[in-house]
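Student: I am new to this structure. Can we go through it step by step?

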Amino acid sequence: MDLRKWDARFLALTEDVASWSKDSKTQVGCTIVHSNRRHWASGYNGYPAGIDDDCDSLRRDTDTIHSEVNALANLTFSPEGATVYVTKFPCRPCATSLIANRVARIVAPEPDSSSRWLESQTQALELLQKAKVEITIWTK
């Protein structure tokens, strides 16, 4: 099995999913793939269901749901042992959710040193390592 080929396929899908976000500054996608690679769920960052995506009165930083949380909400299978593909390295709260759901592996770019999320991403990396979640840093 050529794992890198599968990673490239699911990351391409995840990048497409990220483009569905209406957040013009930060578009993030997530795809959770069952170990059999036949079942998957995706999500992107955005406002909760039922809230108009064009609403100007909401705060982007605090009122949106992250892509990982949306993907977990869209699951129709257990994420235990699954691989998670994310277009940006997870923040600490998202990493905590992924650990609690017993995902086995995360494929993502390394934490972004220029991002306002760097501290949270660094904490997430430490948590994921403590939980023994396999981390594959993706470089194109």
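**Strands, pocket and cores**

Tutor: Start with α2 (60-63) and α3 (67-73), which each supply at least two residues of the lining of the largest pocket. Keep in mind that this is a predicted model.

Student: How much space lies in the largest pocket?

Tutor: Rolling a probe the size of a water molecule over the atoms shows where empty space is left. For the largest pocket here, that space comes to about 390 Å³.

Student: Which residues are closest to the centre of the largest pocket?

Tutor: The lining of this pocket counts 22 residues. By class, six are nonpolar, eight polar and eight charged. Closest to the centre are T26, V28, H66, K88 and W117.

Student: In which sense do β1 and β2 pair?

Tutor: β1 covers residues 29-33 and β2 covers residues 40-44. They form a hairpin with six residues between them. In the turn, R37 has a positive phi of about 60 degrees. C30 stands opposite G43 in β2. Over five bridges, the pairing is antiparallel.

Student: Which residues touch the most other members of the largest nonpolar core?

Tutor: In soluble globular proteins, nonpolar side chains tend to be buried together. The largest nonpolar core here has 20 residues. The residues touching the most other members are I32, V84 and I106.

How values were computed: Residues are numbered from 1 along each chain as its sequence is written. This is a predicted model: local features need pLDDT of at least 70, side-chain atom pairs count only at pLDDT 80 or more; totals for chains, interfaces and linings use all residues. Side-chain values use heavy atoms; hydrogens and water are left out. Two strands pair if DSSP finds at least two bridges between them. Helices (H or I, at least four residues) and strands (E, at least two) are DSSP runs, numbered from the N terminus. On a 1 Å grid over the protein atoms alone, a cavity is a set of points where a 1.4 Å probe fits but cannot get out, and a pocket is an open set with protein on both sides within 12 Å along at least five of seven lines; lining residues have an atom within 4 Å of a point. Grid points are joined across faces, edges and corners, and a volume is the space filled by probe spheres set on the points. Ala, Val, Leu, Ile, Met, Phe, Trp, Tyr, Cys and Pro count as nonpolar, Asp, Glu, Lys and Arg as charged, and the others, Gly among them, as polar. A nonpolar core is a set of buried Ala, Val, Leu, Ile, Met, Phe, Trp, Tyr and Cys residues joined through side-chain atoms within 4.5 Å. Buried means under 20% relative accessible area, exposed over 50%, partly exposed in between (1.4 Å probe, protein chains only).
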